[in-house]
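Dear colleague,

Please find it just below, followed by my notes.

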Amino acid sequence: MEGIDHLADERNKAEFDVEDMKIVWAGSRHAFEVSDRIARLVASDPVFEKSNRARLSRKELFKSTLRKCAHAFKRIIELRLNEEEAGRLRHFIDQPAYVDLHWGMFVPAIKGQGTEEQQKKWLSLANKMQIIGCYAQTELGHGSNVQGLETTATFDPKTDEFVIHTPTQTASKWWPGGLGKVSTHAVVYARLITNGKDYGIHGFIVQLRSLEDHSPLPNITVGDIGTKMGNGAYNSMDNGFLMFDHVRIPRDQMLMRLSKVTREGEYVPSDVPKQLVYGTMVYVRQTIVADASNALSRAVCIATRYSAVRRQFGAHNGGIETQVIDYKTQQNRLFPLLASAYAFRFVGEWLKWLYTDVTERLAASDFATLPEAHACTAGLKSLTTTATADGIEECRKLCGGHGYLWCSGLPELFAVYVPACTYEGDNVVLQLQVARFLMKTVAQLGSGKVPVGTTAYMGRAAHLLQCRSGVQKAEDWLNPDAVLEAFEARALRMAVTCAKNLSKFENQEQGFQELLADLVEAAIAHCQLIVVSKFIAKLEQDIGGKGVKKQLNNLCYIYALYLLHKHLGDFLSTNCITPKQASLANDQLRSLYTQVRPNAVALVDAFNYTDHYLNSVLGRYDGNVYPKLFEEAWKDPLNDSVVPDGYHEYLRPVLKQQLRTARL
Ligand SMILES: CCCCCCCC/C=C\CCCCCCCCCC(=O)SCCNC(=O)CCNC(=O)[C@H](O)C(C)(C)COP(=O)(O)OP(=O)(O)OC[C@H]1O[C@@H](n2cnc3c(N)ncnc32)[C@H](O)[C@@H]1OP(=O)(O)O
Ligand SMILES: Cc1cc2nc3c(=O)[nH]c(=O)nc-3n(C[C@H](O)[C@H](O)[C@H](O)COP(=O)(O)OP(=O)(O)OC[C@H]3O[C@@H](n4cnc5c(N)ncnc54)[C@H](O)[C@@H]3O)c2cc1C
């Protein structure tokens, strides 16, 4: 039934203005208009077709990715798209590719770590894509432990060059995206050695391939590391390996904004913190948080629309069955994910602000907020990507059997998204960075140093360590102060308990290792508090539009109370709330689900996703799921013929018992 909106009844139930919510979701009217225009541009361009991705071989997929990237670049130039528009174009093309690393890491690394002169030279080439770069940090033997990287860059004063070398197999670069088949250049992270002394990890620009015929330069071995999880999915990316056999580069290809090596080979450390060499990772982690809401909202959009279309049980005398979205169990699994998508959107906005702020401060030689920016980007990257990967898988299950079909859009989304839990820092390793930051902050309490920013609440330790929640009835859980106090008290008490347990160890580092699991939980509690508090802060802003604020309010408290329910053990064991108050929180949660229910489809419409972008039969805007499932099934290559290939060799002999006869 083409042309009929099967979800029209759902849309008519909405109690708020979807168009206004679209603006809030996008961040501004301008952002909405750009997104909307570019999404339509991509959807209407046949080169950006993606519905057949799973059926392509790796080589075909890769070649089609190259074609899409080249076409995108051509359109950017033809239409004179600015940086924002080009970014949206890449986003809606929705295919991982070398350009992500070129624009997302190679260019930012040069911007952040190159001198003005180096930026002028390399960025003018990179911006026109006359060279294509990647970010070559991770090695076969070391990813998380950046200080443990083995690649060497030894200065040779005789020739004024660095000699880049891979001393062992484990020192081979392994994983960098865009390296395998595309990049002409890389920012390579290596141990800087001069005058016989090892000065640790620094970045170097190294040319890898000829700009004439694309062949690897002498003494460089490079290739793709092989097929990754899932059909299509991240296999459009050429993650690569790379080995250097004493490759020489000019001295001025060391990125020298932070520290230098002189013509004589003298190492000149910078007067800024050495951690700035990790600056690109802070930038990318911030973009990954912003992206989490995209991936989660996409899965939630599919699962919500399908849950409204799908009916099971409840029919009497041949009547109509119940929409599965009306089951409280479905709501209890789906609505917290819907709320999380909105929560991650707003914390992503805030983190972008924090990143801009710290960047401006660094430019003015103010390094005070760098540790907090590192802790926030690391912790929120970890929290949001873990929740998003788990959430996409939950959405697949929420769609029952059909969710397992590739054409539901969910298996591919999961396979593309799940490495976000590992790349740009393993999620556990990153939470341990937050834990170290928290332990330092707790240790300084009472020293006169007042905690600020996201740890400001720790300055109210005297109150938060002994307070008891004042919640008496379910509605009290809609009070922002009550919610914040419970989350602050829980986070602080968990951090203080860890600090107390640490102090029992003579060797602090040994204690830290022993308490790793508790420390991660304390870090997660702190990060969840950040997300909840930024959602509440968002509600305090001037948000217009019919009924919009009410919906956001409901989602905010669903997010907070769902976390409270999920981590009840923490809240009870730290005596922040009583079992009775926990039960009231649950009552409130159920009531919020009832309020969200009539608005659910409209709340996912507010993401403004095109059917092209969703690429999901179950998540179609018109809800016309069943005929389209058949259409997709008929397209499968197995249905090209009625009798399958192999029938005569392998099926017929079995059916006709010729195999058995032959054996007898
Ligand atoms: C069409 C055109 C348009 C296209 C547009 C495209 C745009 C696309 C945009 C974006 C797309 C992005 C795409 C992303 C794709 C995926 C890319 C994935 C890439 C990667 O994975 S790159 C490799 C990443 N690797 C890691 O993350 C490694 C993880 N490990 C570490 O970060 C660190 O080693 C560590 C955090 C674990 C620290 O280890 P440790 O040994 O303990 O610490 P030290 O190194 O000794 O340092 C200790 C000291 O430093 C502080 N610190 C650590 N990190 C940072 C930091 N980043 N910033 C500031 N400070 C830091 C730490 O707290 C310690 O401080 P202290 O001494 O305690 O005070
Ligand atoms: C799809 C994808 C794309 C990537 N792209 C790039 C790229 O462009 N450039 C690049 O340089 N790299 C890239 N990487 C590499 C990526 O950054 C690393 O894989 C990541 O940093 C994790 O490091 P690892 O693989 O060494 O994991 P490991 O550190 O070996 O982790 C293995 C296990 O050990 C645990 N663990 C490790 N250390 C500790 C600790 N101290 N305490 C407790 N537990 C610990 C981890 O939690 C994990 O469970 C990419 C990876 C993937 C999957």
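This is a predicted model: local features need pLDDT of at least 70, side-chain atom pairs count only at pLDDT 80 or more; totals for chains, interfaces and linings use all residues.

Helices, as the word is used here, are DSSP runs of H or I with at least four residues, and strands are runs of E with at least two, both numbered from the N terminus. With that in mind, residues 479-656, which UniProt lists in an unreviewed entry as "domain: Acyl-CoA oxidase C-terminal", form a span that is 72% helix and 0% strand, with end C-alpha atoms lying 73 Å apart.

The mean pLDDT of the protein is 96, with 99% of its residues reaching 70 or more, and the model scores ipTM 0.96 and pTM 0.96.

On the overall fold, the secondary structure of the protein comes to 24 helices and eleven strands. The radius of gyration is 27 Å, close to the 26 Å that the globule rule gives for 664 residues, so the protein is as compact as a globular protein of that length. Buried residues make up 45% of the 664 residues, and, among contacts between residues at least 6 apart in sequence, 74% join residues at least 24 apart.

Turning to the ligands, 33 residues surround ligand 1, and the closest of these are Gly104, Val146, Gln275, Tyr278 and Gly425. At least two residues of the shell around ligand 1 come from each of α5 (83-93), α6 (98-113), α8 (279-309), α10 (370-398) and α12. By class, that shell holds 15 nonpolar, 14 polar and four charged residues.

Ligand 2 has 22 residues around it, of which Gln137, Thr138, Gly143, Ser144 and Trp175 come nearest. Here β1 (133-136) and α12 (427-444) each supply at least two residues of the shell, and α12 gives the most, with three residues. The shell around ligand 2 divides into twelve nonpolar, eight polar and two charged residues.

Asn219, in the loop between β6 (197-207) and β7 (220-224), has a phi near 70 degrees, a positive value in a residue other than glycine. Asn219 counts as partly exposed because it has 14 C-beta neighbours inside 10 Å. Asn608 lies in the loop between α20 (600-605) and α21 (611-614), and its phi, near 60 degrees, is again positive in a residue other than glycine. With 19 C-beta neighbours inside 10 Å, Asn608 also counts as partly exposed, since a residue is buried if 20 or more other C-beta atoms lie within that distance.

Thr168 and Cys395 are 227 residues apart in sequence, and their C-alpha atoms are 44 Å apart in space.

With best wishes

Note on methods:
Residues are numbered from 1 along each chain as its sequence is written. Chains are lettered from A and ligands numbered from 1 in the order in which they are written. A residue is near a molecule or strand if its C-beta atom, placed from the backbone, lies within 6 Å of it. Ala, Val, Leu, Ile, Met, Phe, Trp, Tyr, Cys and Pro count as nonpolar, Asp, Glu, Lys and Arg as charged, and the others, Gly among them, as polar. The radius of gyration is taken over C-alpha atoms; the globule rule is 2.2 Å times the number of residues to the power 0.38. A residue is buried if 20 or more other C-beta atoms lie within 10 Å of its own, exposed if 12 or fewer, and partly exposed in between; C-beta atoms are placed from the backbone. Two residues are in contact if their C-beta atoms, placed from the backbone, lie within 7 Å. pLDDT is the predictor's confidence in each residue, from 0 to 100. UniProt positions are given in the numbering used here, feature names are shortened, and annotations may be inferred rather than shown by experiment.
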